[in-house]
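Hi everyone, thanks for coming. Please take a look at the picture on the screen, and then I'll walk you through one part of it.

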Amino acid sequence: MDGIDRTLVRESLRLTPTERIERLMSLQVIAAELRRAGKRVDQHDRLIEVKRAAGRPKDFEAIAELQALIEESEK
């Protein structure tokens, strides 16, 4: 059983079926949050690309503002 962490298997087997389901449900919540965060980042990146491609001074100002907002929200 190369590459399998047996301690994790043993730990999982010590849990009740209800505890296993609860653990799985919490992992699904985390996965959904990560997917939502990834979509927001993708939307911001696309907006920045469009603004940068336009090449207008106001667009560069908007890019700077958007990047500042993104950095602030990540803190």
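**Two helices side by side**

H2 and H3 pack at an angle of about 160 degrees, and their axes lie 8 Å apart. Axes here are lines fitted to C-alpha atoms, for helices over the stretch in contact, and angles run from 0 to 180 degrees between N-to-C directions. The two helices are therefore roughly antiparallel (angles over 145 degrees). Helices are DSSP runs of H or I with at least four residues, numbered from the N terminus.

Before going on, a note on the source: this is a predicted model, where local features need pLDDT of at least 70, side-chain atom pairs count only at pLDDT 80 or more, and totals for chains, interfaces and linings use all residues. Residues are numbered from 1 along each chain as its sequence is written, and side-chain values use heavy atoms, with hydrogens and water left out.

Now, which residues of H3 are buried? They are Asp59, Ile63, Leu66 and Ile70, where buried means under 20% relative accessible area and exposed over 50%, with partly exposed in between (1.4 Å probe, protein chains only). They span an arc of only 70 degrees around the axis, which puts them on the same side of H3; the arc is that of the directions from the helix axis to the C-beta atoms. Helix H2 (17-54) is included in what covers these buried residues.

The face of H3 turned away from that buried side carries exposed residues, among them Lys58, Glu61 and Glu65.

Finally, find Gln28 in helix H2. At 47% relative accessibility, Gln28 counts as partly exposed.

Key:
Contact = heavy atoms within 4.5 Å. Parallel < 35°, antiparallel > 145°, perpendicular 65-115°, else oblique.
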